[in-house]
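Here are a few notes to go with the structure you asked about. Have it open while you read.

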Amino acid sequence: MFIRTTSGSVAVFITAAVMAMLTGSMINAPVARAESELPAAVAGDVGGPSQDLAGPYWTAQQPTITTRTDPWPSQAAVVSRLRAYGLDPILEPGYDDPVYEANANLTGQNTPMAAFMLHDTGTNVPANQLLQAHSLPWILTGNKSSAGKTVRAGHFYVDRLGLVYVVYLGRTWHAGVGDSMFGVPADRMNGYSMGVEIESHGGGVQDLTPAQILAASKVAAAALDVAGLGTERAINHKDYAGRKQGKVDTAYDIGWWRAQIAAVRSGGVPALAPGGLGSPPTVAVVSADPKAVSLAAAKPGAAGAYVARYQRALRAYARKLGIRVKTYNPSGITGNFGSETRLLTRVTFKALAVRSRAWRVLWNTTPRNVPNPQLLRKIGLHVIP
Ligand SMILES: [Zn+2]
């Protein structure tokens, strides 16, 4: 409303001045930011302001330590569980030092773990220029508390090769402010979660390597195991802090991450999307044997890792027979069983039928555009149900 009187204008002026003061003070209060002050979407966490990672724990008073048993997972259990998943974690000196939990103003909380959080380091460096462990130094020592003390900026770190570093196993800063989830009060997730930083460009760029994805999934599985939590407790940083902080990490949908983690926990191997990670990957549990192909999952209209394996083997075999593969399958290995794959199947099948009587019999008695067990074995694959 605009009031045209002198006194009205003064009143408006004072209100604006008070508002400006309030707004100024709110910049230093991470819990209550005005909508207009939300930061622009940020690439990730590493090198960002420590206060953003701290949330309300930035200046929190150390609570009195109670005699209750601390429900936080034990360090030995976490390390043992990582190894059970076949990881060979690098234990960074200080990973078990209670001083870092104290530096983070989180000592004596006696809070349980309620979630596991996935992060991109978000260094804004293209994947091909990232050093193997680009962000590790900052995660270990670059994050400082309001008192200038070092706070470990996460629990685990996965480098570009998929090596796992144990950064810290107590409570620490990685989540910052965010929404209430799983019964955890808003902005308090640092006291209730562990998180992994995965080395990457950030900013929504899907540049994680298969080794990184598998390693991060195993780390998540191990942490959830020791905390007795289901896979639905795995969250992206953006799922918690997207609204309040504009976080965009990780670049992958949480449903996709949960499928990866569930596959690890059930003993399977997560399948990556054929053709790279640019599109939402198709997730399925596939055999770890790279030659194994499920006939039921490699048929016209299907998509996934088994189709990609079939296409790779079929193309190689057809080439050996002298078939001009490019003519029939210009798109290459796509993981999608479409018309090109049907055609290359038929052409390869026909070439075998021309060469031998047994294959001629098969040619005359079975569908010609779809793989059959004999064809899968002929091109070097292992047939599984
Ligand atoms: Zn993050």
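**Notes on the model**

1. Among contacts in the protein between residues at least 6 apart in sequence, 71% join residues at least 24 apart (contact: C-beta atoms, placed from the backbone, within 7 Å). This is a predicted model, where local features need pLDDT of at least 70, side-chain atom pairs count only at pLDDT 80 or more, and totals for chains, interfaces and linings use all residues. Numbering starts from 1 along each chain as its sequence is written.

2. You'll find 13 helices and 10 strands (DSSP runs, H or I of at least four residues for helices, E of at least two for strands, numbered from the N terminus). Of the 385 residues, 43% are buried (20 or more other C-beta atoms within 10 Å of the residue's own, all placed from the backbone).

3. Take α6 (residues 210-227) and α8 (residues 254-265): they pack at about 70°, with axes 8 Å apart (axes are lines fitted to C-alpha atoms over the stretch in contact, and angles run from 0 to 180 degrees between N-to-C directions). The two helices are therefore roughly perpendicular (65 to 115 degrees). On the α6 side the contact uses Ile213, Ser217, Lys218, Ala220 and Ala221, and α8 brings Gln260, Ile261, Val264 and Arg265.

4. Now look at α9, residues 305-320: its 16 residues reach 23 Å from first C-alpha to last, close to the 22 Å expected (1.5 Å times one less than the number of residues). Mostly covered, α9 has 12 of its 16 residues buried, including Tyr306, Arg309 and Tyr317. After α9 comes Gly322, with a positive phi near 90°.

Definitions and conventions
Parallel < 35°, antiparallel > 145°, perpendicular 65-115°, else oblique. Contact = placed C-beta atoms within 7 Å.
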